[in-house]
Amino acid sequence: MNDLTPTREQRTAALEGMGCKRKRVEDIRFTQGRGNYVDDVKLPGMLHGDFVRSPHPHARVKRIDDSAALKVPGVLAVITAETLKTVNLAWMPTLAGDVQMVLADGKVLFQNQEVAFVVATDRYAADDGINAVIVEYEPLPPLVDPFKAMNADAPVLREDLVGKMSGAHGPRKHDNHIFEWTVGDKDLTDAAFRKAEVTIKEMISYHRTHPSPLETCQCVCSFDKIKGELTIYGTFQAPHVIRTVVSLIAKLPEHKIHVIAPDIGGGFGNKVGAYPGYICAAVASIVTGKPVKWVEDRIENLTATSFARDYHMTTEVAATKEGKVTGLRVHVLADHGAFDACADPSKWPAGFFNIVTGSYDFPTAHLAVDGVYTNKAPGGVAYRCSFRVTEAAYCIERAMDILAQKLNMDPAELRLKNFIKAEQFPYHSALGWEYDSGDYHTAMRKMMETTGYAALRKEQAERRAAFARGETRDIMGLGISFFTEIVGAGPSKNCDILGIAMFDSCEIRMHPTGAGIARVGSKSQGQGHETTWAQIIATEIGIPADNIMVEEGNTDTAPYGLGTYGSRSTPVAGAAIAMAARKIKAKAQMIAAYKLEVHEDDLEFDIDGFRVRGLPEKFMSMKDICWAAYNSVPPGMEPGLEAVSYYDPPNMTYPFGAYLCVMDIDVDTGVYKVRRFYALDDCGTRINPMIIEGQVHGGLTEAFAIAMGQEIRYDEVGNVVTGSFMDFFMPTAVETPHWETDFTVTPSPHHPIGAKGVGESPNVGGVPAFSNAVNDAFSFLGSTHIQMPHDFWRNWKAAKDLGAVA
Amino acid sequence: MIPGPFSYHRPASVADAVKLLVDLGEDARPLAGGHSLVPMMKLRLATPAHLIDLRGIAALKGVSRNGNNLVIGAMTTQHELLASDEVAKSMPILHEAALLIADPQVRYRGTIGGNVANGDPGNDMPALMMTLGATYHLEGAGGARDVAAADFYQGAYFTALEPGEILTSITVPVPAAGHGYAYEKLKRKVGDYATAAAAVVLTMAGGKVATCSIGLTNVHETPLLATDAANAVIGTSLDAATLKKAAAAASAIMSPAADARGPVEYRKHVGGIMVTRALQRAAAIAK
Ligand SMILES: Cc1cc2nc3c(=O)[nH]c(=O)nc-3n(C[C@H](O)[C@H](O)[C@H](O)COP(=O)(O)OP(=O)(O)OC[C@H]3O[C@@H](n4cnc5c(N)ncnc54)[C@H](O)[C@@H]3O)c2cc1C
């Protein structure tokens, strides 16, 4: 040892492993315009496809005349449902067990539905062609209000299902009914309500919105007739699933399909499902023998590819006078639009909505969800949340505030009284989940102390008095949210997609010089996997993160994985990465033992290599072991240093957090100001604190948008009126509040590195915090619940309805 | 979101531009910054066969002081208005309002001429030009003429501009020294058109309003001058009752459309509040 020998701290730091605020390696190309997105893919002879879309929400298609379109210079083909029928692709299966029209087959069921696909030599010609296609419609009465879907006189939307009184999830009660899903003990819950000292009941709606990633959905399909192979570049959050689906529905052998998801500009759930554009581009490529590109524009993205939410949740809580909850009863009316295109694990028609008991120790609960069809775009996807978890979190967090108001109790105090206690974990919830770990009281108290919660309540009381005296027109609200998420789908015992268990995978290959490549079944859309996955490996095997290249998205090279959504990458793929790294380490240990001439058990791992116990100078670095793996392995051992792991998680993970929003609202204009927003997240072990902070900032910004105005709205005759960023609220840096972030660490006991996932927590927890702040601001004027979104005019209307403005 | 086919022309003089417009007829449209016209073309709500780009005409650019007037070339961009010391000094309300238009990208290209000639009730400059008593200079095949901003707007996207005419410059009288001003615009976010907006220019004498004019944006199919509201405050010290009266008088002439910004009732209500707030702020800075 001399002065130049690095210290243990220096050696650890050099790895840039877990816990390091490592800079995102992918940002070098993203910030210099050197990313490679689908629209950057340009193949020789490539054609462009674009859709003729329905102006009607509900109509019969009488006739499609493409003769004028085919005369437009550059237009080569017009594909309709009739064309697709010749290859049996006029309809496609959805992930939710329904079927969906690829192109209008006799009828259109929502405005902007795909009616015909025009293929041309460039995008301009394709659009000219669209305008020349003549479609004759016979309008039918639209069904817009989900609450009227099951009326006796409601128009029947899905004629293909008439007479089929049983669907993928059991019996159907009406032609417009999709499924009923029930969980929990009804009798016990009804009994709890009969005995209850206090109950509340409220219809809490979570409006329809949209993930709206910066990059829209798109693909390039290229069919090679000679080889019989189909290559698809696409914006896919789950490329392997897409390959399997294409193989099943197009009847192509799976090894002859190459799916490549290059850089993706945001997904947020929008890019999980399969859309008509993919099928049409593939068919067009087969028909024309040329590569075909399809790129959605913003209007198409907002109005046709999957929306999110649209849950109408009638919520009841039973409690004692002292505020101890004794029962929860929820009925959800779920508006799925024209086709049930939910992107949930197959057996979960309402996702994991049964996490609706939240962070509270409910002795009993009962949940029923009815899914219905309406004349709206199909969906809905999980917009930056695990399946229907944000709806559930919103439901219970609003309900707890409403109960607190009824009991005249502080909402923080009510939560502290009902939290699942640290010693109750693993906790079995009334609706069937096993929460892995948590320490809710600590997180809540840290939030209250850091924000000065008590003082804020005092200030609010003074402000209310001043408002009553006419000295101010501003009202102040404090919005608490204490959410528990369920992420990391999931264990094969309860999660699959089209029969494929929801495991994930990693393959690591170390090269002789101590660098390597890790290929993973997940697919980053901006989450920074290239950075964080290398950090896990760095800590596990002692090779600097900079020496590990991470590759995802190419189904020919990446091991089969179920993709990235539902905060599943760290819980599932992250675990597979750690397990593969541990296999590498185990082999490395055998090589080191051979080279150091000791027994394996005499070695201990020490940051970046193996050391002989008791003989600290006898050390072999991982770098040297990599070299040895290619020239001097123990007799009988295969050379090389590679490992593969497929990880089937034993349980979900349950991140949680305590958020507080402080808001002021001017009752005269409805204009609000988020004065302060504090977010404490517990996502277990923290791999890269900087990336976590970035994820929390992004998720909170989306939550802010959703709660305060972002909606997909239809007028009463079924026209979608929020088709651009002029009306679909997309906050800029100017509107976005300042975020304060904080954390506690409660590792997951079953995950190899204890990590739980964080990408979606801020969206799940943020929405209730904003909405509770608005509701809390108005509560002293006599309201119990005001529906989202809380944009300016609706705030003014609330004030007016409550008599606060003339 | 792809425009239909069109031809592109780039004349070097006003005379050439007018000639092109006359020769090509109804299907030709002047193109300024393109930030209202091109979005309409991408939606195929506008399908001009010919675009006559005015950006090659040097004479249409710039801000200059001519006696008691500012003369602003039609092709002066919003950004150039913001960068102009002359505007900042003699007509600060123009600076204030320009800053509330869209975002920097739009302001780098969007022009004052396009903004006032467009005829969209959502544009901010028209009501301001009416408030300031501006005059538009138009040139066509039949020669040049002047039209007061207050007489220019006839309906949504309908203006006094005749086919073949180009707006070349705007003359704006410089408000009296010591005047008070404010442009109050309620919008949902950066880049949004007004839910309602009010422009106020006033002078005070002895604590009372001496002169006042009020313009309103996006609360009617055209920009409005709220003359009754302005008259209601003259001679007062803007006490609560007067402000209420002025807001009511302004709201009375508003007839906004219901849209995602809010129902009619809301837009009229906040229109009144914008008037009140603009009056108060203008009075506070008047000397
Ligand atoms: C996202 C976004 C947000 C916006 N927000 C606002 C806002 O808040 N407030 C606001 O006021 N505007 C807003 N705008 C519009 C913007 O200010 C436009 O630039 C402006 O309305 C038109 O000016 P232009 O130079 O771009 O004109 P163009 O779009 O080129 O032309 C507009 C119309 O005027 C005609 N025209 C242009 N110049 C002349 C001329 N010299 N003589 C005769 N006719 C002419 C054209 O033929 C066309 O019909 C926004 C635009 C965008 C894209």
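## Starting with chain B

Take the contacts in chain B between residues at least 6 apart in sequence: 61% of them join residues at least 24 apart, a contact being heavy atoms within 4.5 Å. This is a predicted model, in which local features need pLDDT of at least 70, side-chain atom pairs count only at pLDDT 80 or more, and totals for chains, interfaces and linings use all residues. Residues are numbered from 1 along each chain as its sequence is written, chains are lettered from A and ligands numbered from 1 in the order in which they are written, and side-chain values use heavy atoms, with hydrogens and water left out.

Chain B carries twelve helices and 14 strands; helices (H or I, at least four residues) and strands (E, at least two) are DSSP runs, numbered from the N terminus. Its radius of gyration is 19 Å, which agrees with the value near 19 Å for a compact globule of 287 residues. That radius is taken over C-alpha atoms, and the globule rule is 2.2 Å times the number of residues to the power 0.38. The C-alpha trace of chain B spans about 60 × 45 × 35 Å along its principal axes.

## Surface and charge of chain B

Of the 287 residues in chain B, 55% are buried. Buried means under 20% relative accessible area, exposed means over 50%, and partly exposed is in between (1.4 Å probe, protein chains only). The accessible surface of chain B is about 11600 Å², with 55% of that belonging to carbon and sulfur atoms; areas come from the Shrake-Rupley method with a 1.4 Å probe, and for residues only the protein chains shown count as cover.

As for charge, chain B has 25 positive and 24 negative charges, and their mean positions are 7 Å apart. Lys and Arg count as positive and Asp and Glu as negative, while His and the chain ends are not counted. The place of a charge is NZ of Lys, CZ of Arg, CG of Asp or CD of Glu.

Helix α5 of chain B runs over residues 92-99, and six of its eight residues are buried, so the helix is largely enclosed by the rest of the structure. The buried set is P92(B), I93(B), L94(B), E96(B), A97(B) and A98(B).

R44(B) is worth a look for its backbone: phi is near 60 degrees, a positive value in a residue other than glycine. You'll find R44(B) in the loop between α2 (37-42) and β3 (50-53) of chain B.

## Chain A overall

Chain A comes to 19 helices and 35 strands. Its radius of gyration is 28 Å, close to the 28 Å from the globule rule for 806 residues, so chain A is as compact as a globular protein of that length. The C-alpha atoms of chain A fill a box of roughly 85 × 75 × 50 Å along the principal axes.

Buried residues account for 65% of the 806 in chain A. If you look at its contacts between residues at least 6 apart in sequence, 80% join residues at least 24 apart. The accessible surface of chain A is about 28100 Å², 55% of it on carbon and sulfur atoms. There are 80 positive and 100 negative side chains in chain A, with the centres of the two sets 1 Å apart.

R415(A) sits in helix α11 (residues 411-418) of chain A, and R415(A) is buried, at a relative accessible area of 0%. Apart from neighbours within four places in sequence, the contacts of R415(A) include E397(A), D401(A), F482(A) and N772(A).

T390(A) belongs to helix α10 (residues 389-407) and is likewise buried, with a relative accessible area of 0%. With neighbours within four places again left aside, T390(A) is in contact with Y206(A), R309(A), C385(A), N763(A) and V764(A).

## A strand pair in chain A

Strand β26 (residues 504-510) of chain A pairs with β32(A) in the antiparallel sense over six bridges; pairing takes at least two DSSP bridges between the strands.

Strand β32 covers residues 642-647, with A643(A), S645(A) and Y647(A) on its covered face and E642(A), V644(A) and Y646(A) on its uncovered one.

Most residues other than glycine have a negative phi, and most peptide bonds are trans. E597(A) has a positive phi, near 55 degrees. E597(A) lies in the loop between α15 (569-596) and β29 (603-605), and E597(A) is exposed, with a relative accessible area of 70%.

Cis peptide bonds turn up too. G379(A) and G380(A) are joined by one, with omega about -5 degrees, and G380(A) lies in strand β20 (residues 379-381). Another joins M788(A) and P789(A), with omega about -10 degrees; P789(A) is in the loop between α18 (761-779) and α19 (792-801).
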